[in-house]
Amino acid sequence: MGKTNTIQSSKMKEGSYKFLKENLGIIIAFVVLYVFLAVYPPTTRAFLTSRNMFNVLRQISTNLYLACGMTMVIILGGIDLSVGSTIALSGCVAAAGVARYALPIPVAIILGLIVAILIGVFNGTVISKTTIPPFIVTLATMNIARGLAYVYTGGSPVRVVSKEWQFIGAGYIGPIPTPVVILVFVLIVTALLMNNTKFGRHMYAVGGNTQAANFSGISVSKIKFYVYAYTGLLSGLAGVVLASRMYSGQPTAGTGAEMDAIAAVVVGGTSMSGGSGKIGGTIIGALIIGFLNNGLNLMNVNSFWQYVVKGTVILLAVFIDFLRNRNK
Amino acid sequence: MDNEVLLKMKNVHKQFPGVYALKDISFELRRGEVHALLGENGAGKSTLIKVLGGIYAANEGEIFIEGNKVNIQNVLQAQQNGIAIIHQELVLVPYMSVAENIYLGREPMKGIIVNKDKMNNDAKKLLVDYNLDFEPTTLIKNLSIAQQQMVEIIKAISFNSKILVMDEPTSSISDKEVDFLFSIMRTLQEKGVGIIYISHKMSELNEICDRVTVLRDGEYVGTKVVSETTKEELINMMVGRQLSKYYTRNYLEVGKTILSCNHLCDNNMVKDVSFEVKEREIVGFAGLVGAGRSETVKCLFGLTKDYSGDIVFLGDKKHYINAKQALKDGISLVPEDRKKEGLYLIQSVEYNTTIEVLSEFIKGIRLNKKKEGEITQEYIDLMDTKTPSLRQTVGNLSGGNQQKVLIGRWLATKPKLLILDEPTRGVDVGAKAEIYSIMNELVKEGLSIIMISSELPEIINMSDRVYVFAHGYVKGCLNHTELTQKNIMHLAAE
């Protein structure tokens, strides 16, 4: 009995050691970035304030909702390009619910989430029932959802004046911003789903070897369906939170958000070929991208140049891991 | 001149982190010789070949070709020294023609344009030289596996290779094609090419090989002239112990019928198949590749959606449309192709062992890691799988151990009927003998087994009864007392 206990605790240590070892490249990258922003004279004063920290976390939150879903989608060997447009559509629908139809805020929010889930369900149905590549399916829904957002709003933002509306995106629970509290909840749910459930094990099986999963009696189409539906829900959450923070539902919201989410996942070490990846890596990936955005803003770097820097850093982070894996 | 030494590898050492893969190996290949390299999976054959082919650099050791010391650091240098390797997995471009594949990367040019006529003519000449009857313009994807292998060989020859390494070339081709392959190998021998031949099929040694070198656990065991040794001696050299019995089988009183299938038909490969399985019985499915055996068990296991016929399992009529239903009733299928259909290669031994029995240690979101470890350990012990830890990535294990992990996974479901599709394909002799003895034990404990196998000795020595398949039909059923190669082949070739 004592022996098995020590095996257990050594396994735990092995687990966290393995996490450190596998993600060493990006952990170092993150620490370097953080320390640099903390000591570099032009950013040092603004950077370390709690206001700024919460601000960054708030921004990272919406990206991480998406990235949680995206991690699962990519582990399945798929991709979801429609998450950015889903942000816009769900945000507009929820905002319009309050502003145009005077619905109670929770009802409007749920309405926004339902729209997002429907997009996910549509993606999931087509991808699980046909052999059309996820890239194509979600490219189509990306355009459809964006178009619907423009059509529905006539192209202009849907403003919400209600003070309560801002709670979910710009408010606080105790000292902590609401989106961060939601984030913690989302992360816990996603991590449990991926690591502790049968569903999670089956997901890795489908992504790692679909044919073997069939022989294993795993319902491949069911797993795919639920993963895309869950990603839809998380995009809707991002959409509602964003619409709340901006006091309005904007049809242009979330443009390019899918790329930031994919970047966080890939920088976090999840393989695009499917079957492997961990939520811990994605979190660090999102932190790197978030703090990088923040640092560039604090340094007053021209926003056009920010794209160039961001792309370069993504490439560097992945390149470090490539070098480390090659030497194995 | 005939016995001139073409290649000499001297005192080669290769270490990987934690593994001593090659310990002081010496190896010699003569001109015009076919030299077999024998050993269990993990014995160091592939590592030695990879050192020769420039894929791995040896830590120590020297390589001489025709008496001159050479330095092989990468694949290009190996090629320049006249070494060509034909890998088990063929590496041709499917959507390019035969000629384009042969001259890939060194196409004859006319200015900046590829000289297609010259390329096709040169390729045609090579094909004719070796009696190959397909055109240089044929696309690779339209060739059979055996023909593709021939293209690989031609490609190697066109580099003027003096040393040809063939890694299990006969594992996926038919007997007739094997004969043709051997005739080509003999032509090469006459031209003075030295061939290093890796195979698990002992029966081929007498037919084609001159000498054989045995490796075990990364060490050199010995070199024998094939005509002066016996199969038993070689097996003992490979395994390092007297294998008292290769096949372990106690024939028991069989029980009542647990499964009967009548007139199964999948509108494709399975035309009309009826058979039954009794308690404590090993039922063999014999036949040639493509006879419909794997397809039959796929119907039974619910992997084929559209099939007709009656299945009665444990007294109840069944019609499975997915594997989950079959599993629930106590049927398990260990698939034919363990890499494609069975294992999650990038996952751990633990993950692979427990994927079918998650309910035993996952309740909702409560994961009992300890229980998972115990289950895994139980089946590692049962199958005697050699793995450094439960966390080891399955893809890094040897073929025999991968197969043991896979069989362990399906045994963990505690099936009443276990279907094994080619259970010992690509598995070394030691692991084979172990798998046979485990099958024997399982049957003693009340399990019934269906074993599909293309290896007749295995079918003959392990089965209580054998159904012989041909062209989607069952051609006959033989009792274990009637089992001879002749009887089986007579039915299979009908």
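Visitor: Which side chain meets Lys256(B) in a salt bridge?

Guide: In this predicted model, the partner of Lys256(B) is Glu279(B), with an N to O distance of 3.4 Å. The pair links distant parts of the chain, 23 residues apart. Lys256(B) sits in the loop between α8 (231–239) and β13 (257–265) of chain B, and Glu279(B) in the loop between β14 (273–278) and β15 (282–287) of chain B.

Visitor: Is Lys256(B) buried or exposed? And what about Glu279(B)?

Guide: Lys256(B) counts as exposed because its relative accessibility is 59%. Glu279(B), at 23%, counts as partly exposed.

Visitor: What does Lys298(B) form with Glu341(B)?

Guide: Lys298(B) and Glu341(B) form a salt bridge, and their closest N and O atoms are 3.8 Å apart. Lys298(B) belongs to helix α9 (residues 293–300) of chain B and Glu341(B) to helix α11 of chain B, so the bridge ties together parts that are 43 residues apart in sequence. Glu341(B) is buried, at 9% relative accessibility, while Lys298(B) is partly exposed, with a relative accessible area of 25%.

Visitor: How far apart are N and O in the salt bridge of Glu422(B) and Arg425(B)?

Guide: The separation is 3.6 Å. Glu422(B) is buried, its relative accessible area being 7%, and Arg425(B) is partly exposed at 35%.

Visitor: Which residues do salt bridges with shared partners join into one network?

Guide: The network consists of Arg201(A), Glu350(B), Lys369(B), Glu372(B) and Arg391(B). Within it, Arg201(A) pairs with Glu372(B), the closest N and O atoms being 2.7 Å apart.

Visitor: Which helices of chain B supply at least two residues each to the side that touches chain A?

Guide: They are α10 (323–329), α11 (338–342), α12 (349–354), α13 (369–383) and α14 (399–411). By class, that side of chain B has 18 nonpolar, six polar and 12 charged residues.

Visitor: What area is buried between the two chains?

Guide: About 2,500 Å² is buried between chain B and chain A, and carbon and sulfur atoms give 56% of that. Tyr344(B), Lys370(B) and Arg391(B) supply 23% of the area that chain B buries against chain A, more than any other three residues. The contact involves 36 residues from chain B and 27 residues from chain A.

Visitor: Changing topic to chain A: where is Ser90(A), and is it buried or exposed?

Guide: Ser90(A) lies in helix α5 (residues 83–99) of chain A. It counts as buried because its relative accessibility is 0%.

Visitor: What does the side chain of Ser90(A) reach?

Guide: It reaches the backbone oxygen of Ile87(A) at 3.3 Å. Beyond residues up to four places away in sequence, Ser90(A) touches Gly112(A), Ala116(A), Ser235(A), Gly236(A), Gly239(A) and Val240(A).

Visitor: Which strand holds Phe469(B), and what is it in contact with?

Guide: Phe469(B) is in strand β23 (residues 465–470) of chain B and is buried, at 0% relative accessibility. Leaving aside neighbours within four places in sequence, its contacts include Val273(B), Phe285(B), Leu288(B), Arg293(B) and Ala492(B).

Visitor: Which residues of α2(A) are buried?

Guide: The buried residues include Ile26(A), Ile27(A), Phe30(A), Leu33(A) and Leu37(A). Helix α2 (residues 24–39) of chain A has 16 residues and reaches 22 Å from its first C-alpha to its last, close to the 22 Å expected.

Methods. Residues are numbered from 1 along each chain as its sequence is written. Chains are lettered from A and ligands numbered from 1 in the order in which they are written. This is a predicted model: local features need pLDDT of at least 70, side-chain atom pairs count only at pLDDT 80 or more; totals for chains, interfaces and linings use all residues. Side-chain values use heavy atoms; hydrogens and water are left out. Contact means heavy atoms within 4.5 Å. Buried area is the accessible area (1.4 Å probe) that two parts lose on being put together, summed over both. A salt bridge is a side-chain nitrogen of Lys or Arg within 4 Å of a carboxyl oxygen of Asp or Glu. Helices (H or I, at least four residues) and strands (E, at least two) are DSSP runs, numbered from the N terminus. Ala, Val, Leu, Ile, Met, Phe, Trp, Tyr, Cys and Pro count as nonpolar, Asp, Glu, Lys and Arg as charged, and the others, Gly among them, as polar. The expected span of a helix is 1.5 Å times one less than its number of residues. Buried means under 20% relative accessible area, exposed over 50%, partly exposed in between (1.4 Å probe, protein chains only). A polar contact is a pair of N or O atoms within 3.5 Å; within protein, one must be able to donate a hydrogen and the other to accept it, and residues adjacent in sequence count only if both atoms are side-chain atoms.
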